[in-house]
Amino acid sequence: MEPVPLDDVDPFDLPEWLGTEGVTWTAVAGLRTGYHVAGTLTGEGHPDLPCDLLAVDEAYPEPVVTDLVRTRCHQAWQHGQLLLAERQGRLTLAVPGTGFAADQVLEALSRLARAVGASPERYAAHLRIGAEAPRRPSGSR
C-alpha cells in the first residue's frame with residue numbers, strides 16, 4: 001500500500017494571523033499515540049486551523065511517507081527549517097523521528113513560527129500525554 005501523499009505548503013499561503021498574532025497549537029490526541037498526532041492551531045478571533053504532526057521515519061509495517069519525502073524532511077530539519085505539507089486536507093508539520101516528545105513538538109512549532117515570519121515567543125502548545133499506542137496493523141494508514 002502506498003503512503004498517504006503529502007503536498008507541499010508554502011508558508012506564505014497560510015493565514016496571515018499565524019505570523020502576526022498569538023497562536024496556540026492544541027493536541028487533539030496524546031503525543032504517545034504514535035507517528036501521527038492530530039492538532040489545531042488557534043488564534044483569538046480566527047477560525048481554528050487543523051494542524052497535525054507527522055513523524056516521517058515510522059516504517060513498520062510499512063513506511064508512512066515515501067523515501068523522497070523523508071529525505072526532504074530531514075534536509076529541511078538539518079537546515080533549521082520544517083517541511084510543511086498538506087495531508088488528507090490538513091496542514092501537517094513533517095518531523096524526523098518515529099514519535100513525539102514535548103521538546104520535539106516545541107521545536108516544530110518554533111520552526112513553523114519562523115516560517116511564517118513570527119517570533120516563537122508568540123506560539124504556545126497545549127499537549128496531551130496519551131496512552132502508548134500499539135503498532136499499527138499492516139495495511140492501515
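Which pattern does the chain follow, read along the sequence?

1. **Fold order.** This is a predicted model. Read along the sequence, the chain runs β-α-β-β-β-β-α-β-β-α-β. Its secondary structure comes to 3 helices and 8 strands.

2. **Overall dimensions.** The radius of gyration is 14 Å, close to the 14 Å that the globule rule gives for 141 residues, so the chain is as compact as a globular protein of that length. Along the principal axes, the C-alpha atoms fill a box of roughly 40 × 30 × 25 Å.

3. Of the 141 residues, 43% count as buried. Take the contacts with a separation of 6 or more: residues 24 or more positions apart account for 63% of them. The chain exposes about 7,500 Å², and carbon and sulfur atoms supply 51% of that area.

4. **Helix 2, length.** Helix 2 covers residues 67–78, 12 residues in total. From first C-alpha to last it reaches 16 Å, close to the 16 Å expected at 1.5 Å a residue.

5. The buried residues of helix 2 are Val69, Arg70, Cys73, Ala76 and Trp77. Seen down the helix axis, they fall within an arc of 130 degrees, so they line one face of helix 2. Note that Arg70 is on the buried list. Asp67, Leu68 and Gln78 are exposed on the other side.

6. **Helix 2, packing partners.** What do the buried residues of helix 2 pack against? Their partners are strand 6 (83–87), strand 7 (90–95) and helix 3 (102–115).

How values were computed. Residues are numbered from 1 along each chain as its sequence is written. This is a predicted model: local features need pLDDT of at least 70, side-chain atom pairs count only at pLDDT 80 or more; totals for chains, interfaces and linings use all residues. Side-chain values use heavy atoms; hydrogens and water are left out. Helices (H or I, at least four residues) and strands (E, at least two) are DSSP runs, numbered from the N terminus. The expected span of a helix is 1.5 Å times one less than its number of residues. Buried means under 20% relative accessible area, exposed over 50%, partly exposed in between (1.4 Å probe, protein chains only). The arc is that of the directions from the helix axis to the C-beta atoms. Contact means heavy atoms within 4.5 Å. The radius of gyration is taken over C-alpha atoms; the globule rule is 2.2 Å times the number of residues to the power 0.38. Accessible areas come from the Shrake-Rupley method with a 1.4 Å probe; for residues, only the protein chains shown count as cover.
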